[in-house]
Amino acid sequence: MTGSATRGAAATWLNPLRDKRDKRLPRIAGPCGVVIFGVTGDLARRKLMPAIYDLANRGLLPPTFALVGFARRDWADRDFAEVVESAVRQHARTPFRQSVWDRLAAGFRFVQGTFDDDAAFARLAQTLAALDAERGTGGNHAFYLSVPPDAFPVVCRQLHASGLARPQGDRWSRVVIEKPFGHDLASARELNTVLNSVFPEESVFRIDHYLGKETVQNILALRFANQLFDPIWNAHYVDHVQITMAEDIGLGGRAGYYDGIGAARDVIQNHLLQLLALTAMEEPVSFSPAELQAEKIKVLSATRLALPLSETTSRGQYAGGWQGGEQVVGLLEEDGFAADSTTETYAAITLEVDTRRWAGVPFYLRSGKRLGRRVTEIALVFKRAPHLPFDATMTDELGKNALVIRVQPDEGITLRFGSKVPGHLMEVRDVNMDFSYGSAFSEDSPEAYERLILDVLLGEPSLFPVNDEVELSWQILDPVLDNWAARGKPEPYPAGTWGPPSSFAMLARTGREWRRP
């Protein structure tokens, strides 16, 4: 029996009425457990452990699910359970229910050790074998590496040496890793080589939490479930595309992670290029993982940088200023950052997609800290009508039509178009037609990590970038990083603004301008 057949049988066993053809019924994970390395970190506390509880609370985990924490702390199982409970009570999306908690906590175990400790991984193997026998987890384990990237190779090799990476028979082992997936193309290839020497590619799940957001997944529904948009989703009608991820927070306390990484590596290489791929891809033959990934790979293979990079990219670093009525310091005054740090907090690039659908349409990607407000959006800005049978004064306040997909924080879709102003005169102004998830649906959207962790347990890889996607993304970005390294320091911009002057010049050179969300 194949792995997919086993998962289907397990799901049917848990829910005998489940018809795999009825997509309205929830997918329930079969017998399994999760091991979290780095369980004492902020990601595990704020996102992973609450997401696991929320899945259990929604009935999407098997009753015998097991959670194992691995860290250096001198904890017993009950100490680990207290840490998880604290995280759940603070950060879970769904209400705390004692009956759910008691059933979930019965499967908690903790293993003390370091990543280079052979004996600790032997204890981990013994713990998982005991859980298989006591809880019926079936030898199915997902290993979540919530650790710094430089620890990935040693953990993978330990899992291999302890026999946990390649189980026997129809059992499965999967590894989950967080970005960054390398810091350039060469390191990404090296990382992929290490991962695939231990786990087959179909067992590697690279988490990009943006792909788990409902609004991102809705790009596919918007494009391919509606005949309305397909005829205009191309270069004949679209003038350009803007993909923005802006944050209003600074980087105080995050120097250990962010210094030397910067906005381009942190956001553009993964989140924004994935959003570009979903926006620009052709319709897949089906929504199977292989077909979706194939279409994204085609788009990324056809994507290239617009030249010259000195004019089509922008790099900035926030300086002191006013943010939300509060005076804030610049990056160089933040704790942990050197006074001569060249880490960029703002990055913008111009891309072109060499396909028949998108030839001649620039894609502008930008990300930054300490910007005007927190927002992530994809905006398709349309060309002006070739002929307007109005006097110039009638349409002097009319901008370009735009379709805006709001990823966060106010998830939804806005369509901007021209409408007559009420009155005796013919005056046309921009108006918005708005769809909001919060008002259209009664059910709250699950957190991204809920969807992604469940997909790992189900062996559903559609929302996880594969080797080729990661390497193609670095292949696109590497020349920009090399160019910036040769150009010296980033350009300063005041906190609370929308980036450095070069970012506005980047669009102005072609008569365009950034949207101000």
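These notebook entries record what I looked up in a predicted model.

**Conventions.** I number residues from 1 along each chain as its sequence is written, and my side-chain values use heavy atoms, with hydrogens and water left out. Because the model is predicted, I required pLDDT of at least 70 for local features and 80 or more for side-chain atom pairs, while totals for chains, interfaces and linings use all residues.

**Entry 1: the sheet.** I looked up the strand order of an open sheet and found 6 strands arranged E3-E2-E1-E4-E5-E6, with parallel pairing. I took strands (E, at least two residues) and helices (H or I, at least four) as DSSP runs numbered from the N terminus, and I counted two strands as paired if DSSP finds at least two bridges between them. Strand E3 (108–112) and strand E6 (204–207) stand at the edges with a single partner strand each, so one side of each has no neighbour in the sheet. From one strand to the next, I noted an average twist of 20°; angles run from 0 to 180 degrees between N-to-C directions, with axes fitted as lines to C-alpha atoms, for helices over the stretch in contact.

I then examined the pairing of strand E1 (residues 33–37) with strand E4 (residues 141–145): the two run parallel and are joined by 5 bridges. Val-34 stands opposite Ala-142 in E4. I also noted that helix H5 (residues 118–135) lies across E1, strand E2 (66–71), E3 and E4, and runs at about 165° to E3.

**Entry 2: helix H2.** I checked the span of helix H2 (residues 42–57): its 16 residues reach 22 Å from first to last C-alpha, close to the 22 Å expected at 1.5 Å a residue. The expected span is 1.5 Å times one less than the number of residues. H2 bends by about 30° at Leu-48, and Pro-50 follows within four residues; the bend is the angle between axes fitted to the seven residues ending at a residue and the seven starting there.

I looked up which H2 residues are buried (under 20% relative accessible area; exposed is over 50% and partly exposed in between, with a 1.4 Å probe and protein chains only). Among them are Ala-44, Leu-48, Met-49, Ile-52 and Leu-55. Their cover, by contact (heavy atoms within 4.5 Å), includes E1, E2, E4, helix H3 (77–91), helix H4 (98–105) and helix H14 (448–458). After H2 comes Gly-59, with a positive phi near 75°.

**Entry 3: salt bridges.** I searched the whole structure and found 24 salt bridges, each a side-chain nitrogen of Lys or Arg within 4 Å of a carboxyl oxygen of Asp or Glu.

I recorded Glu-471 with Arg-189, whose closest N and O atoms are 3.5 Å apart. Glu-471 lies in helix H15 (residues 467–487) and Arg-189 in helix H7 (residues 185–198), so this pair ties together parts 282 residues apart in sequence. Arg-189 is partly exposed at 41% relative accessibility.

I next recorded Arg-304 with Asp-354, at 2.7 Å between the closest N and O atoms. Arg-304 is in strand E8 (residues 303–305) and Asp-354 in the loop between strand E12 (346–353) and strand E13 (362–368), 50 residues apart. I found Arg-304 partly exposed at 38% and Asp-354 partly exposed at 45%.

Glu-311 and Arg-509 also meet in a salt bridge (3.3 Å, N to O). Glu-311 belongs to helix H12 (residues 309–312) and Arg-509 to the segment after helix H16 (501–508), 198 residues apart. Finally, I noted a network of salt bridges linking Arg-27, Arg-451 and Asp-455.
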